[in-house]
Amino acid sequence: MAQQAQHEHEPLNEGVVFHVHDVTKVYQMGEVAVHALRGIDLDLFRGEFTVLLGASGSGKSTLLNILGGLDTPTDGHVLYGSRDLTRASEHELTEYRRFHVGFVFQFYNLIPSLTARENVAVVTEIAREPMSPEEALGLVELADRLDHFPAQLSGGEQQRVAIARAIAKQPDVLLCDEPTGALDSQTGIVVLEALQRVNQEMGTTTAVITHNAGIAQMADRVIHLADGHITEVNTNATRLEPHELTW
Ligand code: ADP
Ligand code: MG
């Protein structure tokens, strides 16, 4: 990907996975310009668990989609290691998403006609060094649900299948947009436990979007967004376990 980018930027600190510099995003809707991001500067570090917190419309999904190569900024730079994602071609972004990024969304997007194991296998079949579907589902504590279809699983179990699918290719980064948004608090905690486990056991750099401030306590760092700006960044001295969160 964009080799020339390496000569145009200072070498990154070893631990930096993403270096976001002065990123703006403007959606042009006919006559109206929507300023979704207004100058974002942010570094994310290897193995870190970050929570992106902010009200609806503050720009969280736009930022996450740009990090994941699903969208591109209007201005500014996003480095993934030494690669400038803002200069990457469509093909390079596709490769980037396929081999480096796992996504988890609010709605699980499982294929209804496939079992849990088969839903995960869809991804492991095109990955470079995948874990087995059984291993991925074991990591989210669904070893006893391998042959269940989505309709035979609870919402929280379906979301854990989606997490297993996202992590089975052993991505470097896991990007989660409101992963507990459709779940009650009890079920949400089990899903967060799965994310925490993946982060701690595989060392996957993890960013989780939420508008639920309670979840912030399980993160290493909390990035607050408002109106397209980062307004505050907090480092937690200690991370709480998901079951200790006040929801
Ligand atoms: P959040 O995830 O924090 O709720 P978003 O990043 O989805 O916020 O949206 C930020 C702003 O950008 C909102 O005002 C939203 O309406 C606008 N927006 C997001 N995506 C699009 C799009 N594809 N086209 C036009 N406007 C968009
Ligand atoms: Mg959003």
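1. Helix α3 (residues 90-100) in this predicted model lies across strands β6 and β7 (173-177). The helix runs at about 75° to β6. Helix α6 (residues 155-167) also packs on the sheet and touches β6 and β7. The direction of α6 makes about 170° with that of β6.

2. The sheet itself is open and consists of six strands in the order β6-β7-β8-β3-β9-β10, with mixed pairing. Strands β6 (101-104) and β10 (229-235) each have a single partner strand, so each has one side without a neighbour in the sheet. On average, neighbouring strands are turned by 15° against each other, with direction ignored.

3. Consider the pairings along the sheet. β7 and β8 run parallel and are joined by five bridges. Valine 173 stands opposite threonine 205 in β8. Strand β3 (residues 49-54) also pairs with β8 in the parallel sense, over five bridges. Here phenylalanine 49 has threonine 206 of β8 as its bridge partner. By contrast, strand β9 (residues 221-226) pairs with β10 in the antiparallel sense, over six bridges. Histidine 224 has glutamate 232 in β10 as its bridge partner.

4. Strand β8 (residues 205-210) is mostly covered, with six of its six residues buried. In a regular strand, side chains alternate between the two faces of the sheet. In β8, Thr205, Ala207 and Ile209 point one way, while Thr206, Val208 and Thr210 point the other way. Residues of both sets are buried.

5. Helix α2 (residues 60-67) is largely enclosed by the rest of the structure, because six of its eight residues are buried. The buried residues are Lys60, Thr62, Leu63, Leu64, Ile66 and Leu67. After α2 comes glycine 69, whose phi is positive, near 75°.

6. Three aromatic pairs are found in a search of the whole structure. In one of them, phenylalanine 18 and tyrosine 80 have ring centres 5.5 Å apart and planes at 50°, so the pair counts as tilted. This pair links distant parts of the chain: phenylalanine 18 belongs to strand β1 (residues 16-29) and tyrosine 80 to strand β4 (residues 75-80), 62 residues apart. Phenylalanine 18 counts as buried because its relative accessibility is 1%, and tyrosine 80 is buried at a relative accessible area of 9%. Together with Tyr96, Phe18 and Tyr80 form one aromatic cluster.

7. Phenylalanine 103 and phenylalanine 105 form another aromatic pair, with ring centres 5.8 Å apart. Their planes are at 10°, so this pair is stacked. Phenylalanine 105 has a relative accessible area of 33% and is therefore partly exposed. Elsewhere, a charge meets a ring: the charged end of arginine 128 sits over the ring of phenylalanine 99, 3.7 Å from the ring centre.

8. A last point concerns confidence. The protein has a mean pLDDT of 93, and 95% of its residues reach 70 or more. Over residues 1-9, however, pLDDT stays under 50. For that stretch the model has 17 contacts beyond four places in sequence. Where pLDDT is low, the predicted coordinates should not be read in detail.

How values were computed. Residues are numbered from 1 along each chain as its sequence is written. Chains are lettered from A and ligands numbered from 1 in the order in which they are written. This is a predicted model: local features need pLDDT of at least 70, side-chain atom pairs count only at pLDDT 80 or more; totals for chains, interfaces and linings use all residues. Side-chain values use heavy atoms; hydrogens and water are left out. pLDDT is the predictor's confidence in each residue, from 0 to 100. Contact means heavy atoms within 4.5 Å. Rings of Phe, Tyr and Trp (its six-membered ring) pair if their centres lie within 6.5 Å; planes under 30 degrees apart count as stacked, over 60 as edge-to-face and the rest as tilted. Helices (H or I, at least four residues) and strands (E, at least two) are DSSP runs, numbered from the N terminus. Buried means under 20% relative accessible area, exposed over 50%, partly exposed in between (1.4 Å probe, protein chains only). A charge sits over a ring if NZ of Lys or CZ of Arg is within 6 Å of the ring centre and within 35 degrees of the ring normal. Two strands pair if DSSP finds at least two bridges between them. Axes are lines fitted to C-alpha atoms, for helices over the stretch in contact, and angles run from 0 to 180 degrees between N-to-C directions.
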